[in-house]
Amino acid sequence: MAINKDTVKYTANLARIELSNEELDHFTGQLDRILAYVDKLSTLNVTSLKPTSHVLKMKNVYREDAVKASLPVSEAIKNAPLLENNLFKVPKIIGLEA
Amino acid sequence: MMELNTLTAHNLTELLKKGDISPLDICNSIINRIEKTEKSLAALAHFDKEKALERCGNLSKTAEKGELWGIPIFIKDNICVKDELTTCSSKILKGFKPPYNATVIDKLTGLDAILMGKTNMDEFAFGSSTETSCYGPTRNPWDLERIPGGSSGGSAAAVAGDEAIFALGSDTGGSIRQPAGVCGVVGLKPTYGRVSRYGLIAFASSLDQIGPITKDVEDAAILLKAISGHDEMDSTSADIPVSDYLAGMKKSIKGLKIGVPKEYFIEGMDKEVKNSIKAAIEKLEKLGAVCEDTSLPHTEYAVSVYYLVATAEASSNLARFDGVQYGLRADNIKSMMDMYKKTRKEGFGDEAKRRIILGTFALSSGYYDAYYSKALKVRTLIKTDFDKAFQKFDAIVTPTSPTAAFKIGEKISDPLTMYLSDIFTISANLAGIPGISIPCGFTKNNLPIGLQILGKPFDEETILRIAYNYEQNTDWHKRKPDIK
């Protein structure tokens, strides 16, 4: 097996997604089949190859460090589910189990 | 006179210039069609008739008219339109109205096109069938029991079903070309960097491109020109001049060298698809192109590379949906972690969860080298295959998909089988090259078949030229579905 339930559970936690037991079962089976398929990459010897993370030949893109017009704060945050005094409001972080 | 909604943008522009029709006539024709067929197709995610009419009324009446003056356009639901619902067909972006326009939207409205609404899609563009949308599946106008392809299935179905004149889609692994292919319309994925991605809600940033879905090749050229060009808001946007596609595509294809890769004609592929592609190749030869067999030897690894690279990038891009800045936040939460996990549990559908977990796994400590890093190296091999082929050929032709449209529900429970339906379109995204799908035949059940033409980087002109010459000498694009 390429992946088991414990690893899926651990990975889902890294991805901050809560899974039901049912989801955990069927995702594990499906991901295992997908990983078994992609395992065909292991038949290739790639040690001498450079990775392609993107295809353009360009490297760093620079611009003048100049101040330009930007969105007003009220516009930028208007889609937030919870606001207070023009700030995002989130649950208490300190003093609770993470 | 033919119904205006059935016409192309270039037809309509002619009629508008002559003064035979007004933008309002076109708009009303579209609205009438939507009221008749949208119940069957479910191609649209957000459409507000009054707003569309209002935009039409606000159109500038001055002598200075943009090239797309009065032409209505639909936009895939992952492209930001200021103050309009933009949800990627996902529950997690419920109610999201961007505070800014994508660059392509500013370009279109700058040319006086009329924004009509947003089209349905697979959630976050994760899919090949438009079945993973939180709004439910879109249906193929040629057979309502079948998928319209995906992920830009709403755009393709709206164009094929004459609810739209043309539309924008996005293509990360075939999401413009495959739906265009199975809906019998034209879909073009530009070279990576040709069209600005600013305001396109990211799926896989090294693969995504916005592109046109249209009723004919001329409209594809017009729309591509309208949205192309350098944009300083997208650091991966290429500072390369945009060609005059309309003039370029009308040249003859005599003497053009076209490669036919043997890896795209695999054992067990659909016979009707195979025969249609073979016939299309013969047609291209009759028109003067020189078609020769070639090989892209690493084709069989493309799906594997793609589903590691694309999901890894997606897992990173979708980390921003955390219940803080926009969209959904779950109720009854106890802590920060609880908020993240519950919001993402409730907000993402199955396929999004699956891809985020797969991508996170491929990037995670202990697996990074074996999966993500390896996939990037094999991506180099796939790109090199094309570099070599294009030393000899001006373009490459293949089927767009291994089969015509499959049935709704047929592949949704088996992700791997679904992933394999992208087998012929994925490589172009990995290599960053442009590709177009045009209609090249029908199955005996009257389902469209797509021909894919792939070109050199930034040589959209040549693939449009081949597509245009083929189209002008065939009638496939003139057929219309009878929506029941």
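This is a predicted model: local features need pLDDT of at least 70, side-chain atom pairs count only at pLDDT 80 or more; totals for chains, interfaces and linings use all residues.
Me: Why is the pair Glu23(A) and Lys345(B) called a salt bridge?
Reply: The closest N and O atoms are 3.6 Å apart. The cut-off is 4 Å between a Lys or Arg side-chain nitrogen and a Asp or Glu carboxyl oxygen, so the pair qualifies. The count between chain B and chain A is five salt bridges.

Me: What makes up the side of chain B that touches chain A, by class?
Reply: That side has 34 nonpolar, 17 polar and 19 charged residues. Among the elements that give two or more residues are α11 (336–347) and α12 (350–363) of chain B. α13(B) gives the most, with 10 residues.

Me: How much area do chain B and chain A bury between them?
Reply: About 5600 Å², with 68% of it on carbon and sulfur atoms. Lys341(B), Ile357(B) and Lys377(B) supply 11% of the area that chain B buries against chain A, more than any other three residues.

Me: Why is strand β10 of chain B called mostly covered?
Reply: Buried means under 20% relative accessible area. Eight of the eight residues in β10(B), residues 435–442, are buried, hence the label.

Me: What makes β10(B) and β11(B) a strand pair?
Reply: Pairing needs at least two bridges. β10(B) and β11(B) have seven, in the antiparallel sense, so they pass the cut-off.

Me: How many bridges link β5(B) to β10(B)?
Reply: Three, again antiparallel. Leu188(B) has Ile436(B) as its bridge partner in β10(B).

Notes
Residues are numbered from 1 along each chain as its sequence is written. Chains are lettered from A and ligands numbered from 1 in the order in which they are written. Side-chain values use heavy atoms; hydrogens and water are left out. Buried area is the accessible area (1.4 Å probe) that two parts lose on being put together, summed over both. Helices (H or I, at least four residues) and strands (E, at least two) are DSSP runs, numbered from the N terminus. Ala, Val, Leu, Ile, Met, Phe, Trp, Tyr, Cys and Pro count as nonpolar, Asp, Glu, Lys and Arg as charged, and the others, Gly among them, as polar. Buried means under 20% relative accessible area, exposed over 50%, partly exposed in between (1.4 Å probe, protein chains only).
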